[in-house]
Amino acid sequence: MTAVHDSASLIYRSTASQALEGEARVPGDKSISHRSIMFGSLASGTTEISGFLEGEDSLNTLRCFRAMGVSITDPEAGRVTIEGVGLHGLKQPEKPLYVGNSGTSMRLMSGILAGQAFDSVLEGDASLSRRPMKRVIDPLVAMGARIDAGPEGRSPLKIHGGQSLKAIDYAMPMASAQVKSCVLLAGLYAEGCTCVTEPAPTRDHTERMLSGLGVGVARDGARVCIEQADPTTRRLEGRRLEVPADISSAAFFLVAASIVPDSEILLTHVGLNPTRTGVIDILKAMGADIRIENRREVGGEPVADLRVKSAPLHGIAIDEALVPLAIDEFPVLFVAAACATGRTVLTGAEELRVKESDRIAVMADGLAKLGIDATPTADGMIIEGRGEPTPFGSATIYAQGDHRIAMAFAVAGLKARGEVTIHDCQFVETSFPGFAELFNRLGGCLELSRH
Ligand SMILES: O=C(O)C1=C[C@@H](OP(=O)(O)O)[C@@H](O)[C@H](O)C1
Ligand SMILES: C=C(OP(=O)(O)O)C(=O)O
């Protein structure tokens, strides 16, 4: 597969469609796919993964672990087999480890690499090189790691090996699952029980998966701790891992089917971990008709099918407690808010400013170009929903290296009087290969061209 940074700009042209209908399983969960490669590599024995996301972000994680000597098969229809090397079996990579657009890879791997005997370098694309890494460097240095970074703690990160790490009890300043996971993963190599206290609940895949593989993570309220104090007793056991469909990818279709009249779609096998379902709660509070069917548990994660029918949406003040539980879904939720009747207010979401792009600024800008009254604030946005059949005009949008911006504006095109033209859509490959094909199969009108 061509790396996204090498490919020509992909352009989407999205125009209004008829009702959406059909059934689909969106690709595998990105957070769980990254972790399945990392933990499978660090486990002893074989790990067989199914449902793996064959997107650029998780493929970059896979390539990095191969570069550290782990034998990992080429993904085939979501199946990957890893011959784990154990917690201390990684080898020094010959070159810098390239993680592309992926914050999750860089932040989680920095925790793992801080505990290794060898030096390593982590680097990413232009978008990732602008994102803050001090948030992981600070707790890792407090544990005894040595890390060199660029100005203001930006990547590339040079991580010096051979340091002996000590457990910390970390009060995390922001609600970030990546920082929490980074510290817990460094904690696997530290003397004593590493703990992290989160200011608000964030996705807990790391805790669930580590426990499932044999290293317990105990939770007491907002505090999570590695259970075993003695590093020599810690060991992950390889096993089968099944990755559910990604609710963050499903979100584009939850909104699309909600806003296009007479639509009804069924999204199957969607991961419904309660730390990820904020998007459903927010859309339901806006009046969406989303039914959860066939609830079951797969590999330690709740999964269900989601039936979505179109419904009139109304604006709301979004509950701040839901923000970390829907953190990646705001670009498309802003599109839903623009289609709703009345005002939607988002607060407490300053983290959106440090994602693949500044998602508050880029979305407010694009919505304004499409004729929506959208006011960015320091920590959120105020959107005056138009509640009309076609609230959007025409505009040309630049996705700014951000897959979710590209897909959110493709959804906006479903309700445009003209055409929404989106540049930089090659980044969609990071999380949602096959997005355009699925969008059109369910009834959307997306034309693709290269520039
Ligand atoms: O841990 C993870 O897999 C992720 C955590 C979130 O980031 P933050 O921890 O920066 O909030 C989320 O935005 C990202 O897409 C994936
Ligand atoms: C923020 C995201 O990912 P990451 O931080 O891994 O780049 C995302 O996928 O929306």
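Helix 3 and helix 6 each put at least two residues into the shell around ligand 1, where helices are DSSP runs of H or I with at least four residues, strands are E runs of at least two, and both are numbered from the N terminus. Helix 6 gives the most, with three residues. The model is a predicted one, so local features need pLDDT of at least 70 and side-chain atom pairs count only at pLDDT 80 or more, while totals for chains, interfaces and linings use all residues. Residues are numbered from 1 along each chain as its sequence is written, with chains lettered from A and ligands numbered from 1 in the order in which they are written.

The residues around ligand 1 are S31, G103, T104, S176, A177, Q178, S181, R203, I327, D328 and E351; a residue gets onto this list if its C-beta atom, placed from the backbone, lies within 6 Å of the ligand. They split into two nonpolar, six polar and three charged, counting Ala, Val, Leu, Ile, Met, Phe, Trp, Tyr, Cys and Pro as nonpolar, Asp, Glu, Lys and Arg as charged, and the others, Gly among them, as polar. Domain 1 (4-28 + 244-450) and domain 2 (30-242) each supply at least three residues of that shell, with the bounds coming from an automatic or database domain assignment.

Ligand 2 has K30, N101, S102, G103, T104, D328, K355, E356, R404 and S431 around it. This shell holds no nonpolar residues, five polar and five charged. Both domains give residues to the shell, so ligand 2 lies between them.

As for the domains themselves, their centres, taken over C-alpha atoms, are 29 Å apart. Across the boundary, 28 residues of domain 1 are in contact with 29 residues of domain 2, contact here being C-beta atoms, placed from the backbone, within 7 Å of each other. On the domain 1 side, the touching residues comprise 10 nonpolar, 11 polar and seven charged.

Back to the helices. The axes of helix 2 (residues 56-67) and helix 3 (residues 103-114) come within 9 Å and cross at roughly 35°; axes are lines fitted to C-alpha atoms over the stretch in contact, and angles run from 0 to 180 degrees between N-to-C directions. D57, N60, T61 and C64 of helix 2 meet T104, S105 and M109 of helix 3, a set of two nonpolar, four polar and one charged.

Most residues other than glycine have a negative phi, and most peptide bonds are trans. The bond from S155 to P156 is cis, with omega near 5°, and P156 sits in the loop between strand 8 and strand 9 (157-160). D262 has a positive phi near 70° and counts as exposed, with 11 C-beta neighbours inside 10 Å. N294, in strand 16 (residues 289-298), also has a positive phi, about 55°.

Overall, the protein has 13 helices and 23 strands. Its radius of gyration is 21 Å, close to the 22 Å that the globule rule gives for 451 residues, so the protein is as compact as a globular protein of that length; the radius is taken over C-alpha atoms, and the rule is 2.2 Å times the number of residues to the power 0.38.

Methods. Contact = placed C-beta atoms within 7 Å. Buried ≥ 20, exposed ≤ 12 C-beta atoms within 10 Å, placed from the backbone.
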